[in-house]
Amino acid sequence: MPINYYLFLAIALFSIGVVGVLTRRNAIIIFMCIELMLNAVNLLLVAFSKMHYNQAAAAAIPIANPGIDGQLFVFFIMVVAAAEVSVGLAIIVMLYRNIHSVDINFLNRLKH
Amino acid sequence: MSISAILFWVLSVAALFSALMVVTSRNPIHSVIWLIVTFFAISGHYILLNAQFLAVVNIIVYAGAIMVLFLFVIMLMNLNKESEPARHRWLQLAGGVSGGALLLVLVAALKDTELKSQQSLLLEGHTGLIKTLGQELFSTYVIPFELSSILFLSAMVGAVLIGKKD
């Protein structure tokens with residue numbers, strides 16, 4: 001597949017995530033849209049990794065594993081996302097316990 | 001059109017449609033279910049790119065662990081269509097326009113890129129296999145790998161500390 005198909009697919013998924021963050025007011029849905037954006041970037045990283053593999057195979061460059069860094073990067077992004085979700089959901093649960101809502105418009109105490 | 005090209009288009013349409021449904025559904029539970037569908041479509045893309053390890057990890061970690069955590073929290077708070085905050089119409093319009101503008105700018109900036117003629121190799125290559133990735137992870141990337149365990153430990157401590165009733 002040409003790399004720009006993956007590029008445009010990832011851009012579209014990322015933009016949908018941005019629209020979700022901007023329009024939704026439920027804190028949990030906003031969090032889910034952030035996960036969607038992370039996954040769009042992951043998909044693009046894997047596609048670029050395979051593009052580098054293809055380039056190295058075509059040019060017969062003697063590297064051991066061309067493009068493996070991208071896939072390991074995706075692995076680390078998943079690790080960080082899992083840690084982020086656990087802390088973030090704990091914060092949302094605590095907020096819900098205090099204000100009995102997940103509407104982000106009620107979370108404006110720092111403004112006043 | 002080869003079978004992998006057909007699979008690519010089917011998975012892309014599935015991913016985009018379910019991502020749109022995540023943003024537009026009123027019920028938070030439906031959003032979570034659609035997000036799981038999106039993750040499965042993205043995992044299908046990984047399999048198509050022969051990144052088998054990442055496909056399995058994506059299903060186990062995202063669809064298995066993270067989305068169950070989301071569902072658990074939503075059900076714990078008893079969120080449903082009625083408790084969903086009312087959306088402001090102008091805010092929605094402004095958000096849609098800004099997201100569309102971002103899409104437009106990125107596509108316009110990248111549509112004539114030099115990489116356009118490059119191909120992403122489908123169904124071939126051994127970089128995505130567990131053996132190669134594992135050897136690289138435990139030799140070159142062993143320090144970041146161990147540091148991520150510290151990150152997990154601190155995240156666990158943080159989650160318990162924040163979630164504790166005081």
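Trainee: How many helices and strands are there in chain A?
Mentor: Three helices and zero strands. Helices here are DSSP runs of H or I, at least four residues, and strands are runs of E, at least two, numbered from the N terminus. This is a predicted model: local features need pLDDT of at least 70, side-chain atom pairs count only at pLDDT 80 or more, and totals for chains, interfaces and linings use all residues. Residues are numbered from 1 along each chain as its sequence is written, with chains lettered from A and ligands numbered from 1 in the order written.

Trainee: What box do the C-alpha atoms of chain A fill?
Mentor: Roughly 60 × 25 × 20 Å, along the principal axes.

Trainee: Switching to α1(B). Which residues are buried there?
Mentor: Phe8(B), Leu11(B), Ser12(B), Ala15(B), Ser18(B), Ala19(B), Val22(B) and Val23(B). Buried means 20 or more other C-beta atoms within 10 Å of the residue's own; exposed means 12 or fewer, partly exposed is in between, and C-beta atoms are placed from the backbone.

Trainee: And what do the buried residues of α1(B) pack against?
Mentor: α1 (3-23) and α2 (27-59) of chain A, plus α2 (28-48) of chain B. Contact means C-beta atoms, placed from the backbone, within 7 Å.

Trainee: Which exposed residues does the face turned away carry?
Mentor: Ile3(B), Ile6(B), Trp9(B), Val10(B) and Val13(B).

Trainee: How many residues does the contact take from each chain?
Mentor: 62 from chain A and 70 from chain B. On the chain A side, α3(A) gives the most, with 21 residues.

Key: Contact = placed C-beta atoms within 7 Å.
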